[in-house]
Amino acid sequence: MPMFRYRAEDAAGKPCRGVQEAQSARHARQLLRERGLSIQSMRVASGVGIGRLLKNDGLNAAERALVTRQLATLLQAAMPLAEALRAVAAQSEKRRVQHLILAVGERVSEGYGLAQALLSYPQAFPPVYCATVAAAERSGHLAQVFERLADHTENQQVVRQRVQLALVYPLILLFASLLIVAFLLGYVVPDVVQVFVHGQQELPAMTRVLMALSEGTRRYGLSVVALVAGSLVLARWALREPSRRARWHSLLLNMPLCGALVRSIEAARFIGTLAILGKSGVPLADAMHIAAAVVGNLAVRQRLAEAARAVSEGTTLASSLEHSQTLPPLMLHMIASAERAGELDGMLERAADLQEKLLAGRITLAVSLFEPLMLVLMGAVVLFIVLAILMPILNLNQLVN
């Protein structure tokens, strides 16, 4: 579809410019007038269309949560969908988000369903989002589903921000401590220890270890940093290959502490996605396939995909998930009792809330333990440096006495 660059003024007389996708110049002028713009100039834009550009650009979690909440509010007020999309685009301060929402609104105005329009921009709207909207369109409860989507997205964003904020101070402490220790080993310790070397004094083992570390830091410090950075880049490149990434994910699951944390994270993600899809009216087998695709760990994803196939063949949800060995026993008991009582959707939502609270508590505990552990570790390093320097001085004083 052709693109048109325009200059215009809004209803308040404020100048604005942008790009409009339309079938013709006349159609573009009509779309701009519907947005309340007074057109000053317009010309055909060169290059690729905005729709193609937007397919390679996405929304972060905070932007998607805000857009979803605004749409839910406007739809609850009985505003037509196309008009609500234009209003959300007008309220956004970021031009990228404006173009994205306007492109979705134009497709809706052309007769496409909202879910079909959202599927055109997979980087901005993940599959679970589009599947939930499609189910809502079929059921006719679009406003209520958007309200649940907004709550779900905002809760995920809150947990993510809580973890990020909790990690800021320990990471700053770790980085500063490494810089201080590197400075001591590279520049301060050699000058101090040099006095003992010239004195032909037999040095303690701790001091000799410190001298070796200092000499190694001065000679090979930058090389070690470059080697570590190169190894990380090489590992990231190697993990792009699916088979290597699958083996790495399987290894993560077998690690003592990391494996339990990964299982908890993926269980919370899977059951939360399954709950919102079930509440939105998506069939259970389809919801399980979509929720399994959302899981990040490939080993867990494969097990959940096999469980989804078992449900499609008639197996109960509880037994298929128990066979996959991906969810904690408490959650399996909750799902089994809900299936017997015929209240699966409500129980899935409660199980998702419970798992997210348990996961948040576990992450908070791990982060809170990380900070004192860093203080103790760096205190031990500093104590080692101080003792390695003081011990030759104390020995020298004993010889003099």
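## A helix pair and a pocket

Helix α14 (residues 317-324) packs with helix α15 (residues 329-341) at an angle of about 160°, their axes lying 8 Å apart. That angle is over 145 degrees, so α14 and α15 count as roughly antiparallel. Helices here are DSSP runs of H or I with at least four residues, numbered from the N terminus. The model is predicted: local features need pLDDT of at least 70 and side-chain atom pairs pLDDT 80 or more, while totals for chains, interfaces and linings use all residues. Residues are numbered from 1 along each chain, and side-chain values use heavy atoms, without hydrogens and water.

α14 passes α15 in a left-handed crossing. The table shows which residues meet, with contact meaning heavy atoms within 4.5 Å.

| Helix | Residues in the contact |
|---|---|
| α14 | L317, A318, L321, E322 |
| α15 | L332, I335, A336, E339 |

By class, this contact has six nonpolar, no polar and two charged residues.

Now to the largest pocket, whose volume is about 730 Å³. A pocket is an open set of points on a 1 Å grid where a 1.4 Å probe fits, with protein on both sides within 12 Å along at least five of seven lines; lining residues have an atom within 4 Å of a point. Of the 28 lining residues, H152, Q156, Q157, R160 and R269 are the closest to the centre. Helix α8 (142-198) is among those that supply at least two lining residues, and α8 gives the largest share, 11 residues. The lining divides into 16 nonpolar, eight polar and four charged residues.

How values were computed: Axes fitted to C-alpha atoms, helices over the stretch in contact; angles between N-to-C directions. Parallel < 35°, antiparallel > 145°, perpendicular 65-115°, else oblique. Left-handed = near helix turned anticlockwise from the far one by under 90°. Nonpolar A, V, L, I, M, F, W, Y, C, P; charged D, E, K, R; others polar. Points joined across faces, edges and corners; volume = space filled by probe spheres on them.
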